[in-house]
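Opening the notebook on a new chain today.

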Amino acid sequence: MALVRIFDDRGRVLDFASPPRRVVSLVPSDTLNVVALGCAGALVGRTDYCELPVDVVAALPSVGGTKNPRVDDVCALEPDLVLANQEENTRGDLEELSRRGVRVYIAFPRRVVQGLAHLARLARVFGVERDAGVRELVGAGYRALRAAEEARSQAAPVRAFCPIWMKPLMTVHGDTFISDMLDLCGAQNVFADRERRYPLAADVGNATPLPPEKVGDRDVRYPRVTLEEVVARRPELVLLPDEPHPFTEEDAAVFRGLDIPAAKAGAVVRTGGKDLCWPGARSVEGIGRVRELVARVQPA
């Protein structure tokens, strides 16, 4: 393997003279990505939230959660690479790993196409980009992407609401992977323009929002919203994923009781969350499944 130079999503340079052989994944979607690339044998550790593939993760030790991995346990596994995500993992943990000399690759895909590019980049890291199965996997992802883009260009979008938490009620801004997946699959995120306001009381209209210069670099992509706002935005589809919050039938009943087109059309749907928020290999078939969900709704 010739020297491979990779830029992660923080713009950091990582050089690989050989494929990594001891990898700790702090990202559930990347645990799946590594296995999908045929490199399960390189994994030596994962998080509590790494669920798939079941047989692979069952044989791997956990190093804790995505937000609170045990740094000592990660280092004890002597990884030559840690896979991380800017959104899922905390800066302090990643900086501590780097301080201890651990090579950390930080991804941050906010678009479906970026997730597929991330998968292709990982294939280069592991030196498998020319393997027939890997080429087919990545190619299938881009074919699914192009098919969705073509279909989207020929049909009116469905107005959709996709919360990610119930108490407090939270949803996604347009600059998120979930919103882009919805848009790609023919669903217009009704809160795409809604940023999170600070202080938090301002997010639900109980305080004056801070001006942008005082918000600084805080993440504004996951606003808290009210049921009144949901009604005002009139979604034709409400998707209730099972992660990061496991929405229940009781939660669904709340939205079915609202005066919104989705409730009247029976389009309040509980669904799996991985197709909506796991970048990379999951999207290869997930794009088609989300398109099928959206296609069941006829725009008003």
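Below are my notes, going from the whole chain down to single strands.

**Whole chain**

First, a reminder to myself: this is a predicted model. I looked up the secondary structure and got 14 helices and 10 strands for the chain.

Next I asked how the radius of gyration sits against that of a compact globule. For 300 residues the rule puts a compact globule near 19 Å, and the chain comes out at 20 Å, so the two agree. I also took the box along the principal axes, and the C-alpha atoms fill roughly 60 × 45 × 35 Å.

Then burial: 51% of the 300 residues count as buried.

Residues 24 or more positions apart make up 62% of them.

**Sheet with β3 to β6**

I traced an open sheet of 4 strands here, in the order β4-β3-β5-β6, and the pairing is parallel. Which strands stand at the edges? They are β4 (43–45) and β6 (104–107); each has a single partner strand, so one side of each has no neighbour in the sheet. On average, neighbouring strands in this sheet are turned by 35° against each other, direction ignored.

I zoomed in on β5, residues 81–85, which pairs with β6 in the parallel sense over 4 bridges. Val 82 is the residue standing opposite Val 104 in β6.

What lies across β5 and β6? I found helix α4, residues 91–99, running at about 150° to β6.

**Sheet with β7 to β10**

On to an open sheet with the order β8-β7-β9-β10, again 4 strands with parallel pairing. I noted β8 (187–189) and β10 (268–271) as its edge strands, each pairing on one side only. The twist from one strand to the next averages 35°.

I then followed β9, residues 237–241, which runs parallel to β10 and is joined to it by 4 bridges. Where is the bridge partner of Leu 240? It sits in β10, and it is Arg 270.

Methods: Residues numbered from 1 in each chain as written. Predicted model: local features only at pLDDT ≥ 70, side-chain atom pairs only at ≥ 80, totals over all residues. Heavy atoms only, no water. Pairing = 2+ DSSP bridges. Helix = DSSP H or I, 4+ residues; strand = E, 2+ residues; numbered from the N terminus. Axes fitted to C-alpha atoms, helices over the stretch in contact; angles between N-to-C directions. Contact = heavy atoms within 4.5 Å. Rg over C-alpha atoms; globule rule 2.2 N^0.38 Å. Buried < 20%, exposed > 50% of the residue type's maximum accessible area, 1.4 Å probe, protein only.
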